[in-house]
Structures are given as C-alpha cells and as structure tokens.
Amino acid sequence: MRTTHVETAVAFARALVAGDFSRAHALLTPELPPQLSPALLRAELYGMFTGYADGDPTEVLFDEGGAMTEWPAKEAGDIAWAFVSIAGENFVEGVADIVADVDGASLIRNVEWGRP
C-alpha cells in the first residue's frame, strides 16, 4: 500500500506525463512555484530526453524501493524522498522528489530531474 507522500510523488509525475503542468505545479510547496512555473516544468520534463529520444512521455513507473523516509540531507518537515520513472517509447528518465508536510498537506519541496 502506498503512503500519501509516495502518492504525491507519483501524482506529480503523472501530471507531467499527462501534460497537465498546472496540476503538477499545484503539488509544489509555496516556495517552489515562482522557481518552477508550469512552462518551466514542461521545459524541464522535455529537457531530460530531448536530444537523444523522440516522442512524448507515455507512462509513470514506480517501485516501492524507490522511496525512503530517512536520508542524510533530510530537513525539518520532510517526510519522504521518492524516485519516479517517466518513460516514453525509447527512453526512461525520472524525477527525484522530496515530499514535505506543509500544514498537513504532502507537497513537493524539491525536484531533481533525470536519472541519478
């Protein structure tokens, strides 16, 4: 069974793949929206694979082993780190998210683009 923080990370990736960058943007903490507008989210997503692959992202893949609740750089309020794969016809990339508790809501505080 997935936890709320993992569902937040997966929902973010699904919104990106669906091209719903406004919905993905709504899952970010209040500090991130000025830095990651919906247009910039789209640019970051396509920037991961444009240049070596054609097409659009088509699916989200998540393995429960791709999440943790304890890690060295964890900050106060952080509840999880999760890596979610984003795949297309001829590529697999992904996003590593830090999910934080913001007034009882699980929101994404940090996004790292691409495979580690």
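Mentor: Let's start at I86 and look at its neighbours. Leaving aside residues up to four places away in sequence, I86 touches A13, L16, V17, L45, M48, P57, E59, F91, V92, E93, G94 and V95. Keep in mind that this is a predicted model.

Now zoom out a bit. I86 belongs to the largest nonpolar core, a set of 29 residues, and it is among those that touch the most other members, along with F12, L16, L28, L41 and V95. Helices α1, α2 (21-26) and α3 (38-47) and strands β3 (78-88), β4 and β5 each supply at least two residues of this core. The top contributor is α1, which gives eight. As a rule, nonpolar side chains in soluble globular proteins tend to be buried together.

So what does α1 look like? It runs over residues 4-18, and its 15 residues reach 20 Å from first C-alpha to last, close to the 21 Å expected. Buried residues in α1 include A13, L16 and V17, and those three are also on the list of I86 contacts. Just after the helix, G19 takes a positive phi of about 80°.

Back to V95, another contact of I86. V95 stands opposite W113 in β5. Strands β4 (residues 91-102) and β5 (residues 105-113) pair in the antiparallel sense over eight bridges. Their hairpin has two residues between the strands, and D103 there takes a positive phi near 55°.

Conventions:
Residues are numbered from 1 along each chain as its sequence is written. This is a predicted model: local features need pLDDT of at least 70, side-chain atom pairs count only at pLDDT 80 or more; totals for chains, interfaces and linings use all residues. Side-chain values use heavy atoms; hydrogens and water are left out. Helices (H or I, at least four residues) and strands (E, at least two) are DSSP runs, numbered from the N terminus. The expected span of a helix is 1.5 Å times one less than its number of residues. Buried means under 20% relative accessible area, exposed over 50%, partly exposed in between (1.4 Å probe, protein chains only). Two strands pair if DSSP finds at least two bridges between them. A nonpolar core is a set of buried Ala, Val, Leu, Ile, Met, Phe, Trp, Tyr and Cys residues joined through side-chain atoms within 4.5 Å. Contact means heavy atoms within 4.5 Å.
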